[in-house]
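Hi,

Here is the structure I said I would pass on.

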Amino acid sequence: KDNVHYFMGSVMNSADLRRIRIGEASACFIMVNKLTPQPDEADSKNILRALAIRNRYQELPICVQLIRPENKPHLESALGIDEVVFTHELKYEVLARGCLCPGSITLLINLMRSDDLEEQVKLVRGNLGRLPSWMKEYIHGQCQDVYPIVFTRQFEGMSFGEFALTAFDKFGVICFAVKVETLSQEEILKNRLRHWQQQRTSIHVTLGSKAYESGIRLNPVNYGLKEGDLAFEIGRA
């Protein structure tokens, strides 16, 4: 709670922007009221807020949330925004994936939020053993959540597979992905050239550069961990 502070003001006011020290921020997120009865008006206000911030801070990464996808051209024609998120578009995409893969919506929701259902069931039913096996598995999964962890220097050189096995044996958590710092296009080309000079084969060039081009890698067993790498794990909430 000490890391979250609330300020009242307006991004249209330069004094308010200086008061929250937005110039020192790593990124700016402009959220929208998803329950508003006037979505076009809410989108227009967010676009104006993004304009006000961009005009004063050219290098600050800005992520804007809008309701209607058809309002995106108004934002793109005015300025370059790093990321635009649409609540309706995201919702429809999740629903479409649920039609292609039944159960995926439940999986996503359970990973984003968790409840201690085991304790609730014990209070109501008295014993989990009386429940069907599928319900016990669902309750167990509902109690899990996704957590990010940052590797320190003591894990330098350890493979992802070794760390995942140790984490599961000692703490019962499942480490399933790691975020790798993506290199610039120039660095990627230098890396490909270096591999080509060393291996003299295009196959090794392709395989050698993939680790640097991907941002998040799922279960990279042989990947050597480095200080500052970000991993994702599933564990009890």
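**Starting from T36**

Leaving aside its neighbours within four places in sequence, T36 is in contact with A42 and I67. T36 itself sits in the loop that links β1 to α2. A polar atom of its side chain is 3.2 Å from the backbone nitrogen of Q38. Do keep in mind that this is a predicted model.

**The parallel sheet**

Three strands make an open sheet in the order β1-β2-β3, with parallel pairing. β1 and β3 are at the edges with a single partner strand each, so one side of each has no neighbour in the sheet. From one strand to the next, the twist averages 15°.

Between β1 and β2 there are 3 bridges, in the parallel sense, and I30 stands opposite V64 of β2. As for helices, α2 lies across β1 and β2 and runs at about 170° to β2. Helix α4 (residues 87-100) packs on the sheet too, where it touches β2 and β3. The direction of α4 makes about 65° with that of β3.

Which residues have the most contacts inside the largest nonpolar core? They are V64 and L75, in a core of 15 residues. The elements that contribute two or more residues to this core are β1 (28-30), α2 (39-56), β2 (62-66) and β3 (83-86). Not counting residues up to four places away in sequence, L75 touches I47, A50, V64, L66, I81 and V84. There is also a second, separate core, with 12 residues, V173, V180, Y223 and L225 among them.

**The antiparallel sheet**

β4 pairs with β7 (residues 230-236) over 7 bridges in the antiparallel sense, and V146 stands opposite I234 in β7.

Cheers

Definitions and conventions
Residues numbered from 1 in each chain as written. Predicted model: local features only at pLDDT ≥ 70, side-chain atom pairs only at ≥ 80, totals over all residues. Heavy atoms only, no water. Core = buried A, V, L, I, M, F, W, Y, C linked by side-chain atoms within 4.5 Å. Buried < 20%, exposed > 50% of the residue type's maximum accessible area, 1.4 Å probe, protein only. Helix = DSSP H or I, 4+ residues; strand = E, 2+ residues; numbered from the N terminus. Contact = heavy atoms within 4.5 Å. Polar contact = N/O pair within 3.5 Å; in protein donor to acceptor, adjacent residues only side chain to side chain. Pairing = 2+ DSSP bridges. Axes fitted to C-alpha atoms, helices over the stretch in contact; angles between N-to-C directions.
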